[in-house]
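Hi everyone, thanks for coming.

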There are 2 protein chains.
Amino acid sequence: MPEPTVLALDVGGTKLATGVVAADGTVLSFRTVETAVHEGPDAVVGRLLDLAEKTLAEAGHPEVIAVGIGCGGPLNPSTGVILGPPGLPGWDEVPLARMVTERLGLPAYVENDATAAALAEHRWGGWGVNSLVYLTISTGFGGGVVIDGELFRGAAGQGGELGHVVVDWQGRECGCGARGCAEAYVSGTSVARRATEALTARTSSLATIPHVTARDVAEHARAGDALAREVWDETTAMLGRMVAVIINVCEPALVVLGGGVTRAGAFLLDPVREGALRQAMPPAAKACDVVLSHHGDQAGVLGAAAIAFHRIDDNSERPEGDA
Amino acid sequence: MPEPTVLALDVGGTKLATGVVAADGTVLSFRTVETAVHEGPDAVVGRLLDLAEKTLAEAGHPEVIAVGIGCGGPLNPSTGVILGPPGLPGWDEVPLARMVTERLGLPAYVENDATAAALAEHRWGGWGVNSLVYLTISTGFGGGVVIDGELFRGAAGQGGELGHVVVDWQGRECGCGARGCAEAYVSGTSVARRATEALTARTSSLATIPHVTARDVAEHARAGDALAREVWDETTAMLGRMVAVIINVCEPALVVLGGGVTRAGAFLLDPVREGALRQAMPPAAKACDVVLSHHGDQAGVLGAAAIAFHRIDDNSERPEGDA
């Protein structure tokens with residue numbers, strides 16, 4: 001009898017990813033495609049499910065017991081409805097879980113993508129800790145919290161919006177409508193934007209690039225460009241300060257950094273780790289470390305898969321009256 | 001047989017308070033005295049316990065089953081040791097629970113004062129909600145979180161340091177050693193300091209006051225002084241932004257504001273509430289309201305009492321294996 005697997009769908013503002021994942025976290029097949037968010041939710045979900053069917057074929061049509069879906073918040077994990085995330089313009093009240101179930105005939109579970117990735121780090125990250133915060137630095141900036149092996153999602157179940165803690169309360173406008181959120185500074189999009197703005201007044205090796213990305217900023221900073229280095233150093237300093245805030249509030253044993261911008265490796269991690277552990281309250285800082293995820297580009301799919309396995313466990317194994 | 005009560009001790013940077021509290025939240029006796037923090041932990045704890053004995057006598061020497069102690073964090077609620085709170089200089093590794101037990105011969109439980117007050121709001125506030133955040137705006141600025149009727153204290157049990165979220169990451173120095181924490185702006189001490197600094201360059205009705213307090217700032221702002229009004233408006237705007245962050249991260253059904261600075265009433269609440277609900281993510285904001293505590297000066301003692309009753313329940317009634 002084949003091992004049961006789940007289908008994992010990762011809906012990002014830039015990329016869609018699908019995969020088939022076994023209960024031990026093995027990714028049996030994996031595909032990505034551009035989101036093309038301007039096409040609107042119906043078209044994007046259609047392409048997502050086309051991609052999913054290819055992934056299922058590539059995994060040899062295994063027994064799939066459920067679908068896990070990671071998506072930018074806000075969303076309602078109980079109903080599977082997407083509630084207008086800043087990174088997915090036009091996705092207001094999109095019943096994503098129902099759309100997926102109608103097409104695939106499988107139970108589908110939706111979760112904030114960063115929350116989902118946090119659960120995957122706890123389940124399959126190999127860290128050996130029971131409480132961690134996962135921060136994703138990619139198109140957006142967000143986070144998920146696992147405390148005592150359980151997801152922390154706020155009272156209404158859609159919280160943990162760690163990307164919307166404040167860097168500077170009167171600072172840059174954020175996609176959420178407020179000012180000065182971390183996401184408006186340290187997401188990949190915001191790092192690129194801050195560098196591009198600085199270019200109007202300064203010379204830099206970045207000036208030759210048509211559309212600067214966060215990866216360009218990291219590479220040119222490493223190569224010695226002064227402007228890129230300033231933007232990068234400010235980014236890691238802000239990240240260090242934000243991680244200190246998150247350590248103060250959540251007191252995790254571990255902060256795991258993932259998402260595309262963390263491809264910069266130690267060039268990102270070292271200053272962020274130093275700044276975070278120096279600025280957090282000493283008792284919480286002493287009990288915590290800051291590391292990079294090993295999940296790479298598959299972090300989103302592993303997160304979605306972890307959610308599917310977690311919800312199945314919750315539905316079938318949780319004894320009545322358990323907290 | 002008399003109803004069992006608890007002795008409640010509230011250790012603040014400015015004031016000590018003691019009380020005897022019944023299981024329904026009735027305060028049977030209540031006393032306060034200046035902390036005189038410069039005298040050091042041994043002398044302060046001595047005077048705290050002298051005061052406690054007076055409070056016990058005034059309550060008619062009731063049956064006291066435990067002692068609850070609220071104190072500024074960081075501290076370890078499991079061991080009852082105080083770990084150098086910014087508001088209590090010199091209180092490094094003070095075994096407060098043990099000191100109290102040795103003198104009174106009763107089990108003693110220590111908790112972060114704002115965490116404790118959050119539990120009292122849940123237990124006795126009359127709000128009818130199961131998840132709330134309590135923020136105290138007094139000498140310091142801090143908060144406590146109750147989710148599904150349980151305290152949220154972070155993985156290591158001393159978290160929830162909501163006073164150390166960031167207003168401006170490169171801003172004012174905070175007592176915790178980092179820059180730009182909320183506590184460095186909106187605590188009573190910081191409001192007074194910001195007003196005093198502004199006085200050096202401006203005329204104001206506050207200039208006649210030898211030592212400006214946050215209460216003076218509120219009163220002079222209400223009376224029309226331009227400088228006081230600017231400082232007050234900036235304070236309520238920052239508080240609104242911080243409450244929005246806390247709503248984003250914790251998604252409570254209610255944010256309860258308490259502490260001495262909230263004596264300003266609607267002059268504080270109205271702008272903070274408006275700013276918070278406007279700037280929080282809409283799904284979380286819709287499910288939340290912002291209100292003032294009714295516990296007044298007794299918030300600290302009620303918090304300490306709530307902790308004592310909670311820990312007794314935890315120790316005696318929690319069935320084995322319950323989460």
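So, is the crossing of helix 6 of chain A and helix 7 of chain A left-handed or right-handed? Before I answer, some housekeeping: this is a predicted model, where local features need pLDDT of at least 70, side-chain atom pairs count only at pLDDT 80 or more, and totals for chains, interfaces and linings use all residues. Residues are numbered from 1 along each chain as its sequence is written, and chains are lettered from A and ligands numbered from 1 in the order in which they are written.

Okay, the crossing is left-handed, meaning the near helix is turned anticlockwise from the far one by less than a right angle. Helices here are DSSP runs (H or I, at least four residues), numbered from the N terminus. The axes of helix 6 (residues 214-222) and helix 7 of chain A come within 7 Å and cross at roughly 115°; they're lines fitted to C-alpha atoms over the stretch in contact, with angles from 0 to 180 degrees between N-to-C directions. On the helix 6 side you'll find Val217(A), Ala218(A), His220(A) and Ala221(A), and they meet Ala228(A), Arg229(A), Val231(A) and Trp232(A) of helix 7. Contact means C-beta atoms, placed from the backbone, within 7 Å.

Now the two chains. A rotation of 180° with 0.0 Å of shift along its axis puts chain A on chain B, RMSD 0.0 Å, and that's the relation of a two-fold axis.

Notes:
Least-squares fit on C-alpha atoms with pLDDT ≥ 70 in both. Helix = DSSP H or I, 4+ residues; strand = E, 2+ residues; numbered from the N terminus. Contact = placed C-beta atoms within 7 Å.
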